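Please keep the structure in view while reading.

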Amino acid sequence: MKPFFKALLDQQTDDTLLAPNTMVQGIRLMQLASNPALVGGLPVAAKWRYMLERLEQATWEEPTIIWTAFKETVKQLGEAMRKRGWSVAELTGDTSQKKRTEVRHAFQEGKIDVLLAHPGVGKFGLNLSAANSVVWLEKSWPADDYYQASFRARHLHKQSTVHQLELLALANGQPTIDHAVHNLLKSRVTSTRKLTATDVLKAWVR
């Protein structure tokens with residue numbers, strides 16, 4: 001029997017979410033951990049609420065990059081943040097090359113408060129060193145996306161510290177798929193660093 005996943009989104013309407021295979025199940029679990037509204041459920045999103053509260057604090061430093069995994073997150077969160085008065089721009093797979101260049105320049109010039117971006121779009125050759133804060137709202141499995149995107153806000157000659165916030169959802173106090181993805185990515189990053197360390201390379205070429 002093939003793996004099957006079914007989640008009840010709303011008890012009053014009996015709306016359900018179906019996922020027929022493992023790959024889709026993983027994606028749906030990540031969306032539910034972020035915000036059930038992404039898949040037609042109720043807008044119960046502790047991570048989103050906490051992040052917005054942090055961004056509204058006087059001690060929070062903008063400009064900010066928020067890394068997301070889903071286009072629907074960019075759409076819904078962008079609308080919510082614009083209503084709160086932030087200047088928001090987006091970088092996703094749907095963003096044209098011309099628009100990406102315009103957004104990058106505007107961000108670097110301080111014209112954008114918050115950049116909502118997919119790490120797969122912003123991982124190579126994209127200088128976003130104007131960022132003072134980075135939020136990982138959602139993560140996905142590709143370690144390369146995570147590793148490369150984590151360095152977009154850093155620059156060799158940058159004097160200030162970049163604050164990074166990584167949000168992981170809990171369900172009834174228990175870890176969710178967020179923790180599984182987070183632990184996997186950290187493990188892969190650690191392995192990559194070991195492989196690129198000087199002593200390892202020296203041992204390899206002997």
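Two strands are taken to pair if DSSP finds at least two bridges between them. Helices (H or I, at least four residues) and strands (E, at least two) are DSSP runs, numbered from the N terminus. The model is predicted, so local features need pLDDT of at least 70 and side-chain atom pairs count only at pLDDT 80 or more, while totals for chains, interfaces and linings use all residues. Residues are numbered from 1 along each chain as its sequence is written, and side-chain values use heavy atoms, with hydrogens and water left out.

Five strands form an open sheet in the order 4-5-3-6-7, with parallel pairing. Strand 4 (88–91) and strand 7 (163–166) stand at the edges; each has a single partner strand, so one side of each lacks a neighbour in the sheet. On average, neighbouring strands of this sheet are turned by 15 degrees against each other, direction ignored; axes are lines fitted to C-alpha atoms, for helices over the stretch in contact, and angles run from 0 to 180 degrees between N-to-C directions.

Helix 4 (residues 97–108) lies across strand 3 (64–67), strand 4 and strand 5, at about 140 degrees to strand 4; contact means heavy atoms within 4.5 Å.

Strand 6 (residues 133–136) is covered on both faces: Ser133 and Val135 on one side, and Val134 and Trp136 on the other, are all buried, that is, under 20% relative accessible area with a 1.4 Å probe, protein chains only (exposed is over 50%, partly exposed in between). Four bridges join strand 6 to the parallel strand 3, where Val134 is the bridge partner of Ile65. Four bridges also join strand 6 to strand 7, again parallel, and there Val134 has Gln164 as its bridge partner.
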